[in-house]
Amino acid sequence: MKPYMFFVAFLMVACRASTAPAPAAFAYDVVITGGRIVDGTGNAWYYGDIGIRGDRIVRIAGPGLLAAAPARERVQLTKDMVIAPGFIDIQAQSGGLLLLGDNRIVGKVTQGVTTEILGEGSTPAPLTTAAAESTIARQPNARTDSLLRRFAEPHGFDNWLRSIEARGPSINVGSFVGAGTIRQYGMDDRMGPAPQATLDSMRSAVARAMEDGAFGLASALIYPPSSFASTEELIAQAQAMAPYRGVYITHMRSEADRLLEAIDEAIRIGAEGGVPVEIYHLKAGGKRNWPKMDLAIAKIDSARRAGLDVQANMYPYAAGGTGLTACLPPWASADGKLFDNLRDTTVRRRIREEIDRDTGEWEAMCTLATPEGVLIARLTRPENQAWTGKRLSEISAGMGKDYLDTAMDLIVSENSRVETLYFMMSEDNVRKQLALPWMKFGTDASGPDPATVRGMLHPRSYGTYPRILGRYVRDEGVLSLEDAVRKMTSAVATRLMIEGRGEIREGMFADVVVFDFRTIIDHATFEQPLQLSTGVQHVWVNGVQVLRDGVHTGAKSGRIVRGPGYRPRKSR
């Protein structure tokens with residue numbers, strides 16, 4: 001090379017060196033090394049290192065390959081620790097906490113939950129202007145009045161989600177639109193079929209909610225006013241959401257005596273509505289119905305073989321939780337007159353007669369569980385609090401009344417539905433359902449800090465996921481670790497078309513949970529439910545650590561997740 005050419009080449013190299021950006025001080029914000037990666041797809045676990053930068057997983061490397069990588073924080077694990085995607089709760093109930101309460105959602109984060117999906121049966125939006133103003137007039141509250149008015153705007157569902165996001169939750173949040181809310185939007189609390197013009201208005205409300213990011217339509221058909229909706233009405237609403245690729249998800253009209261007929265109805269709604277069907281907390285309630293679970297599974301398998309997309313989810317307990325009002329016929333709540341009806345001796349006699357007939361046309365929960373299987377979880381009035389945590393049979397004996405008068409008197413006295421646990425499922429069925437390939441997991445619960453709770457809750461608020469991983473995976477081998485994690489993560493993300501979550505993979509959002517497979521277990525029981533699970537050590541939500549060494553950090557890095565039909569508005 002001639003001398004002048006060497007000099008030019010040297011200058012070019014020097015120039016490039018001087019103008020190149022300086023290397024970042026840290027290649028990663030977090031490096032996790034030493035644990036087993038269970039990636040959420042169902043693939044076999046493997047050892048590996050994970051690098052997180054910002055809100056994303058940016059590197060997955062072989063074991064030890066990131067040992068020397070510069071990182072702001074390093075988390076060194078033992079070989080018994082598992083790194084998994086954050087769990088996605090497909091049936092969550094923390095809406096009140098997220099909107100107005102303690103939105104750290106401690107009970108869920110300590111289980112490894114990083115995303116909650118709300119909406120079973122009802123949502124705060126959409127509202128009609130008349131409904132919002134009526135509620136404000138009855139119960140004026142400076143904190144909520146402005147929210148109610150926003151929820152009554154044309155895109156009230158979007159406003160509701162943004163209100164949650166503005167508070168900065170610790171977890172990600174998304175929702176279905178409640179079919180009961182849509183029913184109220186058109187019909188208030190009235191029984192009977194919706195006139196065509198009203199039905200058109202309800203269908204439009206469904207479409208707007210889908211454009212606002214709802215994952216689909218969620219019904220709860222044992223509760224008024226949802227129970228007043230006909231199959232045809234629900235088909236019409238499903239058709240309205242079909243262009244947005246929504247899912248019809250349902251707490252079916254029966255989970256007991258008419259379980260098989262209820263599955264038929266759900267399948268029909270999906271088939272004629274042109275949408276997938278997801279069944280909430282699949283169960284066969286009442287001992288006389290336990291054998292029906294095999295038939296229910298066969299019915300779903302048959303529908304799937306015929307090309308209908310029908311799936312289900314569950315919680316791992318043999319008892320459910322809802323209101324004591326579920327012991328009463330749905331018509332007793334029509335037009336918002338439940339408490340008046342229970343004070344009327346004539347109507348009360350009619351309620352009793354219908355329960356005694358036990359036609360099986362609606363879920364008589366006290367009959368299915370028997371008074372010995374009905375546990376009152378929470379009472380607020382001082383004169384009633386001694387009965388919290390007692391069975392309805394005990395309370396009845398203590399009050400010197402039959403169980404039905406006792407139940408109705410408690411509802412009137414509390415002026416509420418009275419939170420109640422019903423023991424009526426089979427543990428053998430629980431195990432059988434856990435292993436089904438189309439099953440997913442959800443809590444059907446909120447996740448408050450147990451230190452703040454008055455009364456009792458269902459233990460699923462604190463134990464659902466650790467119970468599955470500790471009891472049914474590790475101790476009993478009912479299903480594999482990889483399959484359990486899949487049903488907690490990617491199976492839900494795929495079902496709802498949630499992008500960027502549900503897997504440990506480069507480019508995905510850094511929703512990550514680390515748990516000790518040797519020790520993970522639930523501690524909450526029906527008698528002593530306010531106990532956090534143990535074994536979940538660390539949780540990151542969008543790359544920010546919200547749980548460190550089993551303790552909530554106070555961080556609030558959650559975001560809103562939306563369905564595939566979401567259409568962002570240009571101006572807000």
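Is Asp335 buried, partly exposed or exposed? At 45% relative accessibility, Asp335 counts as partly exposed, where buried means under 20% relative accessible area, exposed over 50%, and partly exposed in between (1.4 Å probe, protein chains only).

The model is predicted: local features need pLDDT of at least 70, side-chain atom pairs count only at pLDDT 80 or more, and totals for chains, interfaces and linings use all residues. Residues are numbered from 1 along each chain as its sequence is written, and side-chain values use heavy atoms, with hydrogens and water left out.

**Backbone stops**

Keep Asp335 selected. Asp335 is not a glycine, yet its phi is positive, about 60 degrees. Its place is the loop between β16 and α12; helices (H or I, at least four residues) and strands (E, at least two) are DSSP runs, numbered from the N terminus.

Next, select Ile105, in the loop between α2 (95–100) and α3 (106–109). Ile105 also has a positive phi, near 50 degrees, but is buried at 0% relative accessibility. Most residues other than glycine have a negative phi, and most peptide bonds are trans.

Two proline sites follow. The peptide bond from Ala125 to Pro126 is cis, with omega near 5 degrees; Pro126 belongs to the loop between β9 (113–118) and α4 (129–138). Pro224 and Pro225 are likewise joined by a cis peptide bond, with omega about 0 degrees, and Pro225 sits in the loop between β12 (216–220) and α9 (231–241).

**The disulfide**

Select Cys327 and Cys366. The structure holds one disulfide, a term for a pair of cysteine sulfur atoms within 2.5 Å. The bond joins Cys327 to Cys366 with an S to S distance of 1.9 Å. Distant parts of the chain are linked here, 39 residues apart: Cys327 is in the loop between β16 (319–323) and α12 (338–343), and Cys366 is in helix α14 (residues 365–369). The link of Cys327 and Cys366 is right-handed, with 70 degrees about the S-S bond. Cys327 is buried at 2% relative accessible area, and Cys366 is buried at 2% relative accessibility.

**Arg288 and its partners**

Move to Arg288, in the loop between β14 (277–279) and α11 (292–305). Arg288 is partly exposed, at 48% relative accessibility. Setting aside neighbours within four places in sequence, Arg288 is in contact (heavy atoms within 4.5 Å) with Asp257, Asp358 and Leu368. Which residue's side chain is joined to that of Arg288 by a polar contact of 2.6 Å? The partner is Asp257. A polar contact is a pair of N or O atoms within 3.5 Å; within protein, one must be able to donate a hydrogen and the other to accept it, and residues adjacent in sequence count only if both atoms are side-chain atoms. Arg288 and Asp257 are 31 residues apart in sequence and 8.2 Å apart in space, C-alpha to C-alpha.

Select Ser446, in the loop between β19 (439–441) and α18 (460–475). Ser446 is buried, with a relative accessible area of 18%. Not counting residues up to four places away in sequence, Ser446 touches Gln93, Ser94, Leu97, Lys108 and Ser461.

Finish at helix α19 (residues 481–488), where eight of eight residues are buried. Among them are the charged-side-chain positions Glu482, Asp483, Arg486 and Lys487.
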